[in-house]
Amino acid sequence: LSFLSIPIGGGFYMGAIIGVIVGLYAMEFPKPFRETFIGKIVSVLMGNSKILDSLSKDPKNLQIGALAVILVAVVGGFGSCLYVFNLSHIYPAGGFNATAASRILLQGSLYVGVPFYTSVIASISIGILKWLILSALVYLLGVKLLGSDASFGATSSVLAFVFVPEILFIFMPVMFPTEPYLSQAWQFMLIPISWPLALYYITHLWSLFILVLAIEKMLDVTRGKAFGTAMLVAIPYFITRSEEHTSE
């Protein structure tokens, strides 16, 4: 309901974000915040390895993991799709729409439409696919090779929370007033940099950090061995992701 208020301007954009957070907590009130669904997500974002350890020990957490993947896909997809959809109105077919730019950058309005909503829905299936690919790779290249007795379900339950940093994509539309050149990147050595790309780099490095912690707890190995396993998994994972994007 918080998201649906955006087209009519209810609560503005930040109000919708706060509504999602408080709404998720209210559904489990009066449980302590750390024990709630949103509390676990915040704890993982803060690098709390105890939460990751507890997630791997209860088979019921697979459902919680699936909900986390869906939430991240919806919330993160909502922000990134809203950014791209409005960017296409400012720069239609390589041109420049001054009216749309004024409405978005000066008046604070945002465009929505059917293509935007279908893109958000599609992000759910993409998020689940990413989760399954990562879980399979960690299970085959980590669990089996290191001789751990962790099940695929337990592995998947923990790895679902590796993607929680992508929930920060919800803030992408807020970048419009602070980015005069929008998505036009500048080069830092060989790395293209813009506000959206900077957020992309930050969230993926954050996810790598959580992945290392998750592997360390699941497989009961040292931090160095967990990092090596994470890097071993990252190579085929990103190759698979690249092929996925190419096919799309």
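Me: What makes the pairing of E216 with R223 a salt bridge?

Reply: The model is a predicted one. In it, the closest N and O atoms of E216 and R223 are 2.6 Å apart. The criterion asks for a side-chain nitrogen of Lys or Arg within 4 Å of a carboxyl oxygen of Asp or Glu, so the pair qualifies.

Me: How many salt bridges does a search of the whole structure find?

Reply: The search finds three. Besides E216 with R223, E28 forms one with K31, where the closest N and O atoms are 3.4 Å apart. The side chains of K130 and E166 meet in another, at 2.8 Å from N to O.

Me: How do you know whether K130 and E166 are buried or exposed?

Reply: The relative accessibility of K130 is 8% and that of E166 is 11%. Buried means under 20%, so K130 is buried and so is E166. For the pair of E28 and K31, E28 is at 22% and K31 at 35%; each therefore counts as partly exposed, E28 as well as K31.

Me: What makes D220 stand out in its backbone, and where is D220 found?

Reply: Phi of D220 is near 55°, a positive value in a residue other than glycine. Most residues other than glycine have a negative phi. D220 is found in the loop between helix 8 (195-219) and helix 9. Its relative accessibility is 71%; exposed means over 50%, so D220 counts as exposed.

Me: Which peptide bond is cis, and what is its omega?

Reply: The bond joining F29 and P30 is cis, with omega about 15°. Most peptide bonds are trans. P30 lies in the loop between helix 1 (12-26) and helix 2 (37-45).

Me: Why is T229 called buried, and what surrounds it?

Reply: T229 has a relative accessible area of 8%, and the limit is 20%, so T229 is buried. T229 is placed in helix 9 (residues 223-247). Leaving aside neighbours within four places in sequence, T229 is in contact with L141, G142, L146 and I215. A polar atom of the T229 side chain also lies 2.9 Å from the backbone oxygen of K225.

Me: Which residues have the most contacts inside the largest nonpolar core?

Reply: They are L52 and F161, in a core of 66 residues. The largest share of this core, 12 residues, comes from helix 4 (residues 61-90). Not counting residues up to four places away in sequence, L52 touches V44, V158, F161, I210, L213 and A214.

How values were computed
Residues numbered from 1 in each chain as written. Predicted model: local features only at pLDDT ≥ 70, side-chain atom pairs only at ≥ 80, totals over all residues. Heavy atoms only, no water. Helix = DSSP H or I, 4+ residues; strand = E, 2+ residues; numbered from the N terminus. Buried < 20%, exposed > 50% of the residue type's maximum accessible area, 1.4 Å probe, protein only. Polar contact = N/O pair within 3.5 Å; in protein donor to acceptor, adjacent residues only side chain to side chain. Contact = heavy atoms within 4.5 Å. Core = buried A, V, L, I, M, F, W, Y, C linked by side-chain atoms within 4.5 Å.
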